[in-house]
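Have the structure open as you read.

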Amino acid sequence: MIKCEQQRVEENNWVIELLHDRGTHNHTLIVYPEGHRGVSGLSQGAKEVVREMNDAQAKPKNIMVAIKNKFPDEHPNMRHIYNFKEKMRREGSEGRNVVEQMLHLAREHDYINWVSCSDRTSKVISRAFLGHPAMVEVLRTYPLVIGLYSTYKTNRYGFPFLEIVGVTPTNQNFLIAYAFMKDETAASYRPLGVTEVVAIKLYTYF
């Protein structure tokens, strides 16, 4: 119903003209509103579903099924869910980046943790060690068998991810601690305490 055009007589001068009945729409009106982002976005109720299921570690595809079952008249897509999950992550981290948030949560939940940088002047982390106190207590009960296992290219930083695992007398594994390292040299292992005296290093926390 509205036409806007720029006048050629004077630059940067725009004219708005009401068309009334002099114009026709170049396509028919939309019958299904799924394609409109404003209509297809997550409602407040759907956002609560995403929030609750995200806290329960549910996968996005399962969250989508739950929303469709609970709100059949809404038409969100997977991108809406991913965007809202990212928004919640940013709100929860209060401006911290991924590494800062990881260390913040570790200290908040009393994890055994320490980090080291490449040199004293650098702020680039080269090693990070995390261990849950409850698992250290389990280690104190079953300290005889300890295994180390490292994976590659499983994170965005390309650091080897080291898992330290214990074994109970009933052949049940339990995760003692884990670490990120820049490489697998002896120099990277030694500061983390994951040498042959890993148990002693963990006990020093107490």
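Two residues are in contact when heavy atoms lie within 4.5 Å. In this predicted model, 40% of the contacts between residues at least 6 apart in sequence join residues at least 24 apart. The protein has eight helices and seven strands, and 26% of its 206 residues are buried.

Five strands form an open sheet in the order S3-S4-S7-S6-S5, paired antiparallel. Strands S3 and S5 sit at the edges, each pairing on one side only. On average, neighbouring strands are turned by 15° against each other, direction ignored. Inside the sheet, S4 and S7 run antiparallel and are joined by five bridges; Arg-127 stands opposite Met-181 in S7.

| Helix | Strands involved | Angle |
|---|---|---|
| H5 (residues 98-108) | lies across S3, S4 and S7 | about 30° to S4 |
| H6 | touches S3, S4, S5 and S7 | about 125° with S7 |

Which residues of helix H6 are buried? They are Pro-133, Val-136 and Leu-139. These residues cover an arc of only 105° around the axis, so they lie on the same side of H6.

One more residue is worth a visit. Pro-76 lies in the loop between helix H3 (60-70) and helix H4 (78-93). Buried means under 20% relative accessible area, so Pro-76, at 10% relative accessibility, counts as buried. Its C-alpha atom is separated by 9.0 Å from that of Ser-43, 33 residues apart along the chain.

Definitions and conventions
Residues are numbered from 1 along each chain as its sequence is written. This is a predicted model: local features need pLDDT of at least 70, side-chain atom pairs count only at pLDDT 80 or more; totals for chains, interfaces and linings use all residues. Side-chain values use heavy atoms; hydrogens and water are left out. Helices (H or I, at least four residues) and strands (E, at least two) are DSSP runs, numbered from the N terminus. Buried means under 20% relative accessible area, exposed over 50%, partly exposed in between (1.4 Å probe, protein chains only). The arc is that of the directions from the helix axis to the C-beta atoms. Two strands pair if DSSP finds at least two bridges between them. Axes are lines fitted to C-alpha atoms, for helices over the stretch in contact, and angles run from 0 to 180 degrees between N-to-C directions.
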